[in-house]
Amino acid sequence: GTASQQVVVGSALTPAITGTTTICNGSSTTLSTSGGGTYSWNDGSTTSSITVTPVITTTYSVTVTNGTCSGTASQQVVVGAALNPTITGTTTICNGGSTILSTSGGGIYSWNDGSTTSSITVTPVITTTYSVTVTNGSCSGTASQQVTVNPNPVPSISGIKTICSGNSTTLSTSAVGTYIWSNSGSTTSAITITPASTTTYSLTVTNGTCNNTATQVVTVIPPVVANITGNNICAGSSTTLTATGGTSYVWNTGATTAAITVSPVIATTYSVIASKGGCASTAGYTVSVNPAPIATVGPDVTISYGNTTTLIASGGDQPD
């Protein structure tokens with residue numbers, strides 16, 4: 001007897017896995033295949049696509065079945081190290097200051113100010129946030145850092161800045177912070193000084209990490225020494241009194257010139273205030289008045305021709 005049997009040959013299955021096969025730690029990728037009726041992945045999934053988040057490099061495989069035929073494909077997913085960059089450097093500066101910000105761990109660096117080096121020097125005028133993206137292979141990470149800009153103190157020195165020799169003045173500031181005066185070492189906001197000559201004082205004010213310095217010249221005017229020259233007079237005469245030592249004068253007579261002419265009838269004291277650059281002193285001078293002498297040579301006499309007589313003068317101490 002004879003028998004026959006048909007052998008049906010199905011198409012061979014050669015599945016392939018598609019998807020991103022290099023990821024960074026913490027990232028995911030979707031692996032896909034096709035051409036089957038059923039799917040069996042080595043992670044237990046039974047769909048044509050799976051999303052995986054491996055923490056280390058892992059090989060994924062899938063068996064695709066279509067009727068009585070099946071095929072298997074494998075794909076390795078490479079997991080690169082995750083990048084968690086940090087920014088180091090001084091993050092609080094004073095207005096006008098600079099700081100260096102640095103990061104590491106990458107092959108490529110991209111700062112938000114356009115720089116592409118691992119370190120940058122910045123001089124912000126206001127508080128500013130800087131960020132950098134670090135890339136190593138297919139992995140990247142971003143870090144940010146705020147740089148705080150503190151204002152510098154702006155000290156000013158107030159007080160009387162021109163004084164007379166021997167006088168004192170108080171210098172002070174209203175700036176906020178701690179203080180150091182260079183000349184005296186004082187740490188208060190105000191100092192009282194009595195310089196012997198023109199002197200420059202400096203004040204450094206510190207607020208936090210910021211400081212600034214102001215200077216002030218205190219001008220010392222040499223002492224004014226008033227003086228009066230003149231002469232004593234006879235009754236009915238006059239004399240000129242001359243004041244020196246200043247640039248302006250005020251007499252007790254009301255006169256404002258350096259020299260005055262006086263004709264006292266009795267001994268009189270005159271005074272003057274001599275001033276120069278805001279400084280002054282006073283001088284006095286007494287003009288003595290001598291009475292006018294009354295000269296006599298005795299009574300009238302009559303003599304005979306050829307005789308002599310003696311005349312005796314009186315009334316003075318220097319007869320002529």
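Visitor: Why is Gly278 called exposed?
Guide: This is a predicted model, so every value is computed from it. Gly278 has a relative accessible area of 76%. Exposed means over 50%. Gly278 therefore counts as exposed.

Visitor: Where does Gly278 lie?
Guide: In the loop between strand E24 (268-276) and strand E25 (279-287). The C-alpha atom of Gly278 is 7.4 Å from that of Cys164. Along the chain, these two residues are 114 residues apart.

Visitor: Why does Leu311 count as exposed?
Guide: The cut-off is again over 50%. Leu311 has 57% relative accessibility, so the label exposed applies. Leu311 lies in the segment after strand E26 (289-290).

Visitor: Which residues make a nonpolar surface patch with Leu311?
Guide: Val297, Val301 and Ile303. With Leu311, they make a patch of about 370 Å². To join a patch, a residue needs over 30% relative accessible area. At 57%, Leu311 passes that cut-off.

Visitor: What makes E5 and E6 a pair?
Guide: Pairing takes at least two bridges. Nine bridges join strand E5 (residues 58-66) to E6, so the two strands pair. They run antiparallel. Thr63 stands opposite Thr72 in E6. E5 and E6 also form a hairpin, with two residues between them. In the turn, Gly67 has a positive phi of about 70 degrees.

Visitor: How do you know that strand E1 and strand E6 pair?
Guide: Strand E1 (residues 22-24) and strand E6 (residues 69-80) have three bridges. The rule asks for at least two, so they pair. Their sense is parallel. Cys24 has Gly80 in E6 as its bridge partner.

Visitor: How many helices and strands does the protein have?
Guide: Zero helices and 26 strands.

Visitor: What share of the residues count as buried?
Guide: Buried means under 20% relative accessible area. Of the 320 residues, 28% count as buried. The accessible surface of the protein comes to about 18900 Å². Carbon and sulfur atoms hold 51% of that surface.

Notes: Residues numbered from 1 in each chain as written. Predicted model: local features only at pLDDT ≥ 70, side-chain atom pairs only at ≥ 80, totals over all residues. Heavy atoms only, no water. Helix = DSSP H or I, 4+ residues; strand = E, 2+ residues; numbered from the N terminus. Buried < 20%, exposed > 50% of the residue type's maximum accessible area, 1.4 Å probe, protein only. Patch = residues over 30% accessible without salt bridge, like charges linked within 9 Å, V, L, I, M, F, W, Y side chains within 5 Å. Areas by Shrake-Rupley, 256 points an atom, 1.4 Å probe, with all protein chains shown as cover. Salt bridge = Lys/Arg side-chain N within 4 Å of Asp/Glu carboxyl O.
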